[in-house]
Amino acid sequence: CNHGYAVVNPDIRGALHSDGDIHCWGRFDALDARDLIEWLAAREWCQGKVGLAGNSWLAISQWFIAAEQPPHLAAIAPWEGIDDVYRDSLMRGGIPDLAFTEGILGRMRGKNRVEDTAAMARQYPLMNEYWEDKIARVENINIPAYVSATWTNSLHTHGTFNAFRRLASNEKWLRVHNSHEWPDLYSSAATEDLRKFFDRYLRGVKNGWESTPRVRLTVLDP
């Protein structure tokens with residue numbers, strides 16, 4: 001906020017005290033977020049440009065939200081997030097692995113129901129319409145994107161690279177670090193780099209961001 005931004009952290013539909021049922025990614029949440037972005041853009045304290053940032057769940061969500069092309073979404077920064085819930089999480093290589101879904105997503109709480117993707121994986125182990133909805137349509141994303149990835153996060157690595165490759169935007173940057181998502185996310189260097197990206201595309205600052213190498217690759221040092 002000290003740099004001229006308003007920061008909004010919304011609860012998804014159904015989470016905590018909000019109404020409705022909790023859905024685990026897919027178009028349902030993306031359409032909600034599209035409405036939120038357009039509402040934010042109309043606030044008197046907003047100049048009409050909205051950006052998305054975050055890692056893990058907050059990165060996965062960005063793929064789905066940006067694919068809906070909200071008119072006032074100006075830039076995204078998905079840092080480490082799968083783009084295909086079925087292939088990257090539940091059925092990697094065709095082998096069921098439901099521990100993450102049951103252990104983490106199974107603890108989500110709200111006033112109403114929570115989508116049970118683990119139960120759906122047991123009932124529908126093969127690709128179908130339900131799972132297709134949980135593949136982000138990143139080919140629809142045509143706005144500036146700053147993507148961050150790492151070799152050390154086995155959950156998100158494949159999906160992040162795959163999403164970057166499929167992005168339709170002509171203004172996309174990839175930074176691959178050799179740390180872990182949380183220390184990298186909060187490091188001063190990464191924070192300043194992200195602010196430079198948002199200053200350019202949300203505030204219109206001519207700061208030379210376009211000269212940033214499109215791919216910055218760090219080797220994994222054991």
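Okay, a bit of housekeeping. What you have is a predicted model, where local features need pLDDT of at least 70, side-chain atom pairs count only at pLDDT 80 or more, and totals for chains, interfaces and linings use all residues. Residues are numbered from 1 along each chain as its sequence is written, and side-chain values use heavy atoms, with hydrogens and water left out.

Let's start inside. In soluble globular proteins, nonpolar side chains tend to be buried together. By a nonpolar core I mean a set of buried Ala, Val, Leu, Ile, Met, Phe, Trp, Tyr and Cys residues joined through side-chain atoms within 4.5 Å. Buried is under 20% relative accessible area, exposed is over 50%, and partly exposed is in between, using a 1.4 Å probe and protein chains only.

The largest core here has 44 residues, and the members touching the most others are W63, I76, I141 and L167. Helix 2, residues 57–67, gives this core its largest share, six residues. Helices are DSSP runs of H or I with at least four residues, strands are runs of E with at least two, and both are numbered from the N terminus. There's also a second, separate core of 14 residues, including A74, A75, W79 and Y146.

Back to L167. Which residues is L167 in contact with, leaving aside neighbours within four places in sequence? They are W63, V138, I141, A145, V147 and K172, where contact means heavy atoms within 4.5 Å.

Now helix 7, residues 157–166. Seven of its 10 residues are buried, so helix 7 is largely enclosed by the rest of the structure. Those buried ones are T157, G159, T160, N162, A163, F164 and R166. And what covers them? The cover includes helix 2, helix 3 (85–90), strand 3 (145–150), strand 4 (172–177) and strand 5 (215–217).

Have a look at R166 in that helix. R166 has a relative accessible area of 18%, so it counts as buried. Beyond its neighbours within four places in sequence, R166 contacts D83, I135, A136, R137, V138 and E139. Its C-alpha is 9.1 Å from that of I141, 25 residues apart along the chain.

On to the surface. W151, V215, L217 and L220 make a nonpolar patch with about 400 Å² of accessible area together. For patches, residues need over 30% relative accessible area and no salt bridge; like charges are joined within 9 Å, and nonpolar side chains (Val, Leu, Ile, Met, Phe, Trp, Tyr) within 5 Å. The areas are Shrake-Rupley with a 1.4 Å probe, and for residues only the protein chains shown count as cover. L220 sits in the segment after strand 5 and is partly exposed, at 47% relative accessibility.

Last stop, salt bridges: a side-chain nitrogen of Lys or Arg within 4 Å of a carboxyl oxygen of Asp or Glu. The whole structure has 15 of them.

One pairs D32 with R13, at 2.7 Å from N to O. D32 is in helix 1 (residues 27–41) and R13 is in the segment before helix 1, so the pair ties together parts 19 residues apart in sequence. K134 and E115 form another, at 3.1 Å, N to O, and both of those residues are buried.

Finally, D199 bridges to R203, with the closest N and O atoms 3.3 Å apart. Through shared partners, salt bridges join E192, R195, D199 and R203 into one network.
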